[in-house]
Amino acid sequence: MIVEKFTATGNSFIVCDILGSKLNDKEKSNFVLKNSKDRDGVIFVEKRDGQFFMDYFNKDGNRAAFCGNGARTFLYYLMKKGYVKEDLVKFYTYAGEITGKLTKNGVMIKMPASNMPQKLTIDSFSGFLLNVGVPHFVIFVDNVETIDVNKIGKQLREKLNSNINFVQVLDEKTIKIRTFERGVEAETLACGSGTTASAYVFNKSNLEKIEVKARGGTLFVHFLNDGIYLEGGVENV
Ligand SMILES: N[C@@H](CCC[C@H](N)C(=O)O)C(=O)O
């Protein structure tokens, strides 16, 4: 087993490489609860039916079907270890097949397709509920800095099995985001799927690229003919 630490625009992970061995779900959950104290989640690196597979667990020891920043980190790790040589990398998750590549801004991956956002009001907070591999509730606010993300995020999280995103529009192609993450049960410095969900709801003018400023760094969401792509940095720290 190889264990390394990474961050991806501030989203913090442990990569647990169990290629050639096997952990059952209980063993994975116990590993997560024991080791992810200062991290948002754990990325297990496996092979299933001969294909690379990312199994993601939030720090609370529960599996999530997908993690956008985690998937970018997974691709970076495969390349860094020399496990893959191709420019275009393919691997699998519980949210399906993911492809991606290294770019000048870090790592870019094609995100799972989003469902249709559902308009919803919870406790006077109106927003959009959608799924981009994992569920997200997106609320537009005037100023994200005035939001008590942990207090309100927790309040909404108790009524929604979802991550909670607070989004401020900076200009026609730029938004600012703060996210209360399910399974971390607190604000994280970035959330890739939350970034993608928020950009998707925001991008009514169908721009090709939305810039998303998270606390941990800047991410880009590209709207291309064949899907939505998430791009940003990965650091081995
Ligand atoms: N930070 C991740 C999301 C990880 C899973 C999420 N907390 C959930 O449980 O849905 C990302 O970058 O997408």
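**Entry 1: the model.** I am working from a predicted model.

**Entry 2: strand E4.** I looked up residues 51-58, which make up strand E4. I took buried to mean under 20% relative accessible area.

**Entry 3: the pairing with E3.** I next looked for the strands that pair with E4. Strand E3, residues 41-48, pairs with E4 in the antiparallel sense. I noted 8 bridges between the two. At one of the positions I checked, Gly41 stands opposite Asn58 of E4. E3 and E4 form a hairpin with 2 residues between the strands. In that hairpin I noted Asp49, which takes a positive phi near 50°.

**Entry 4: the pairing with E5.** How many bridges join E4 to strand E5? I noted 2, and the two strands run antiparallel. E5 covers residues 63-64. Its Arg63 is the bridge partner of Phe57. E4 and E5 also form a hairpin, here with 4 residues between them. Gly61 lies in the turn and has a positive phi of about 90°.

**Entry 5: the ligand shell.** I then turned to the ligand. I found 15 residues around the ligand. The closest are Asn58, Glu181, Arg182, Gly192 and Ser193. Asn58 had already come up as the residue opposite Gly41. Which elements supply at least two residues each to the shell? I listed E4, helix H2 (68-80) and helix H4 (192-202).

Entry 6: I looked up three distances between the ligand and the protein. In the side chain of Asn163, an N or O atom is 2.8 Å from an oxygen atom of the ligand. For Glu181, an N or O atom of the side chain is 2.7 Å from a nitrogen atom of the ligand. At Gly192 the atom is a backbone N or O, and it lies 2.6 Å from a ligand oxygen. I then looked up the ligand's area: taken alone it exposes 360 Å², and the protein buries 100% of that. The space that the ligand takes is the largest cavity.

**Entry 7: Phe66.** My last stop was the loop between E5 and H2, where I found Phe66. Is Phe66 buried or exposed? Its relative accessible area is 2%, so Phe66 is buried. I also looked up Phe66 with Val132: they are 66 residues apart in sequence. In space, C-alpha to C-alpha, Phe66 and Val132 are 8.6 Å apart.

Notes:
Residues are numbered from 1 along each chain as its sequence is written. This is a predicted model: local features need pLDDT of at least 70, side-chain atom pairs count only at pLDDT 80 or more; totals for chains, interfaces and linings use all residues. Side-chain values use heavy atoms; hydrogens and water are left out. Buried means under 20% relative accessible area, exposed over 50%, partly exposed in between (1.4 Å probe, protein chains only). Two strands pair if DSSP finds at least two bridges between them. A residue is near a molecule or strand if one of its heavy atoms lies within 4 Å of it. A polar contact is a pair of N or O atoms within 3.5 Å; within protein, one must be able to donate a hydrogen and the other to accept it, and residues adjacent in sequence count only if both atoms are side-chain atoms. Accessible areas come from the Shrake-Rupley method with a 1.4 Å probe; for residues, only the protein chains shown count as cover. On a 1 Å grid over the protein atoms alone, a cavity is a set of points where a 1.4 Å probe fits but cannot get out, and a pocket is an open set with protein on both sides within 12 Å along at least five of seven lines; lining residues have an atom within 4 Å of a point. A molecule sits in a cavity or pocket if more than half of its atoms lie within 2 Å of its grid points.
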